[in-house]
Amino acid sequence: MDLLSIFTGLWRLLLDPVSILFVVIGAQAGILFGMMPGLTTTTALSLLTGLTFTLSPANAIAVIVGAYVGSVTGGSRSAILVNIPGTPAQAAVCLDGYPLALQGNAARAIGLSVTASTLGTLFGFVMLALFTPVLGALALKFGTWEFFWLAVLGVVVAGTLTAPQDPVKGWLSGFLGLLLATVGQDGIHAVPRFTLNWTDLSGGFALIPVMIGAYGVPEVLGALRKQERMVIQTKLDRVVPRFREVMAHRWHILRSGVIGLIIGIIPGVGSDTASWLSYFAAKRSSKTPEAFGHGSIEGLIAAETGDNACVGGDIIPVLTFAIPGSAPAAVLLAAMTIHNLRPGPMLVIEQPEVVGQIIAISLVATLAVFILSLLWVRQMVRVLLIPRHVLMPAVFVICVTGCYALSGRLFDVYVMFVFGLVGVLLQELEYPIAPFVLGFILGPMAEDNLRRALVLTAGDATPFFTRPISLVLVVLLLLSVLGPTRLGQWVQRRLTGRRKSA
Amino acid sequence: MTPVSVPNVPEEQGSAPAPPALAAGSLRDWLGGALMTVVAVAFGIGSAQTPFTSPFWVWYTSPTIFALGMAICLGACGIGILVRGWRVWRRHRDTLPNGWTRGALRAWGLGRFLRGVGIIAVYLALLGRVPFLLAAALLILTVGITFRDGPLAPVLRAAGISAVVIMAILAAFSRIFGVLLP
């Protein structure tokens, strides 16, 4: 895959007004979903995957990527205007966006946040275009042993990073996902497992109902559980930011872009982590750190750039290793699989034009989101006025439609609801959802590669620890597991002490 | 512009003092650990029921070997959390006031939650029995009316508009894109 494939994909896309229309529809839907507090990017993508099932692969991916970019950008509206983040990734935006709105600078804050989002997304996608071929070539060196470790590493790292106070809970959540992924016929002998002689369960739990259930249903039930009143004035002045003002923050944008990209590539860790890390990095390097939390433009721009650059980073491992960088990227992976586009090392080699097309769609989506975000600000913020107890049942109806549309089985709708209740339980017991979903997605990959590897070596597990790339992954896994323990912290203290004394 | 936000106001708040965080956290820990352990044991027993060797496979290609491994990992971590939570709980449970469970659940919004679950369960039971668009409109209206926090008329109007919009969108999706409706 080279730049020519990307330009070919871009050119094809620009010549196809229908695909562009689908990108714009996806982007607009994403913005609306993103700005509604409680509706996450994952929910938006899961729903649209179901609703776009009958479209051609290119158009379905156009809607989903458009919605991905749109929802990550759209979440800043409610963060700035009502101090409630549209998606978890915008929690850091509230810190400075809302004080700016209170100071009468809401329009300026929205304009700058949209611009920072666009620049962050563009940075992420340019890196996606540059890194995908390189990582694709590296992925070809991976054998079945490495893919097993990669899946396990993804789940464990996601567990460690999403539950930093208590990583064991993160790992437990991941193990639960891996375990539930084994329900249904096994991939080699087609032996039914844990099906309780229930025919509907012989194929296991479908991914989209599980994801909509785990992410969407707790949001619906949570909104009904809490009484929430939002009062907002939609009077806004100039939204389009001044070029000079944006350029004054170019280093914050670049640094946050790099942070977002790296966080995106790490499996299971999403935009929220990228946003917070970018925010704190900007605060540390700022000449006015005291302004952070009181309406700092630097803080707002850093948080927005970081969480949007993450999108490109999230998609890189999806295309090259078929490992999602975050929950929304996992839905993209599922959507691609549903439409018979098999992400992974061979996609980059065999169908570079598909990768080029996805990158082209991403770039057009970024532009569409930028224009739509600045064009309809006044009208779109009115959506925030819809009472939650009226909006959420409508969202639930769309959830049901999204689940049912995939295979036409009511069983999937019931699965969604049951996993929704599981999601509520996990949330209340303080278990992160992301490792659970990632475990569910990577479970088949881990299991199939483990058993295949053991077949290849007639039960000898030595290559899992002796092959060079496997060894590197094992070391990373051990570091991830031992890092948060007392032993790991003791080693870190010793290393820091030695560096200070040197 | 002056945006005003009223943060979450849980229903029926303030009927009991909040329990000390340590005891409540440890209760969550041991409850969660116990649940995870039960799941692990169930899957462990299920895995063990499939033979590990047969004419078709050896132990390392057994259909349930991976599930057994994961059940062991889940069980080990679950027991760890259970024991840790139980120890702290035993030490601190006396710090909780009498009847705090009921107060905490009410403050969390259990009543509204159960009402929501109940309405959704009825809606799911109706799927396939009544026309989908009618069921959708009924759900939106019922939830809107049940969870309203003001006079009925504006809620009825908003829920009615929402129901019509959703019905129109779904009908359009079904006609134009061929999306299957239950």
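Which residue lies over the face of Tyr431(A)? Lys169(A) does, at 5.2 Å from the ring centre. A charge sits over a ring if NZ of Lys or CZ of Arg is within 6 Å of the ring centre and within 35 degrees of the ring normal.

This is a predicted model, in which local features need pLDDT of at least 70, side-chain atom pairs count only at pLDDT 80 or more, and totals for chains, interfaces and linings use all residues. Residues are numbered from 1 along each chain as its sequence is written, chains are lettered from A and ligands numbered from 1 in the order in which they are written, and side-chain values use heavy atoms, with hydrogens and water left out.

## Aromatic rings

The whole structure holds 22 aromatic pairs over all chains. Rings of Phe, Tyr and Trp (its six-membered ring) pair if their centres lie within 6.5 Å; planes under 30 degrees apart count as stacked, over 60 as edge-to-face and the rest as tilted. Two of these pairs are set out here.

| Pair | Centre to centre | Angle between planes | Type |
|---|---|---|---|
| Trp198(A) and Phe411(A) | 5.9 Å | 75° | edge-to-face |
| Tyr279(A) and Phe280(A) | 5.8 Å | 80° | edge-to-face |

Trp198(A) lies in the loop between strand 2 (192–193) and helix 10 of chain A, and Phe411(A) lies in helix 20 (residues 410–428), so their pair ties together parts that are 213 residues apart in sequence. Helices (H or I, at least four residues) and strands (E, at least two) are DSSP runs, numbered from the N terminus.

How enclosed are these rings? Buried means under 20% relative accessible area, exposed over 50%, partly exposed in between (1.4 Å probe, protein chains only). Phe411(A) is buried, at 11%. Tyr279(A) is buried too, at 2%. Phe280(A) is partly exposed, with 40%.

Four aromatic residues form one cluster: Phe148(A), Trp149(A), Phe464(A) and Phe465(A).

Helix 19 of chain A covers residues 388–407, which makes 20 residues. From first C-alpha to last, helix 19 reaches 30 Å, close to the 28 Å expected at 1.5 Å a residue. That expected span is 1.5 Å times one less than the number of residues. In helix 19 of chain A, 19 of the 20 residues are buried, so the helix is largely enclosed by the rest of the structure. Gly408(A) follows the helix, and its phi is positive, near 65°.

Rolling a probe the size of a water molecule over the atoms shows where empty space is left. On a 1 Å grid over the protein atoms alone, a cavity is a set of points where a 1.4 Å probe fits but cannot get out, and a pocket is an open set with protein on both sides within 12 Å along at least five of seven lines; lining residues have an atom within 4 Å of a point. Grid points are joined across faces, edges and corners, and a volume is the space filled by probe spheres set on the points.

The search finds 1 cavity of 30 Å³ or more. The largest cavity holds about 40 Å³ of space. Both chains line it: Val220(A), Leu224(A), Met392(A), Pro393(A) and Phe396(A) are joined by Ile120(B), Leu139(B) and Val143(B). Helix 19 of chain A gives the most to this lining, with 3 residues. Helix 10 of chain A and helix 5 (132–146) of chain B each supply at least two. By class, the lining has 8 nonpolar, no polar and no charged residues. Ala, Val, Leu, Ile, Met, Phe, Trp, Tyr, Cys and Pro count as nonpolar, Asp, Glu, Lys and Arg as charged, and the others, Gly among them, as polar.

## The second largest pocket

About 1,300 Å³ of space lies in the second largest pocket. Its lining has 41 residues. Thr337(A), Arg342(A), Ile441(A), Pro444(A) and Met445(A) lie nearest its centre. Helix 21 of chain A gives the most to the lining, with 9 residues. The lining divides into 25 nonpolar, 10 polar and 6 charged residues.

## Loops with positive phi

Ala190(A) is not a glycine, yet its phi is positive, about 55°. Ala190(A) is found in the loop between strand 1 and strand 2 of chain A, and is partly exposed at 43%. Asn197(A) also has a positive phi, near 60°. Asn197(A) lies in the loop between strand 2 and helix 10 of chain A, and counts as exposed at 80%.
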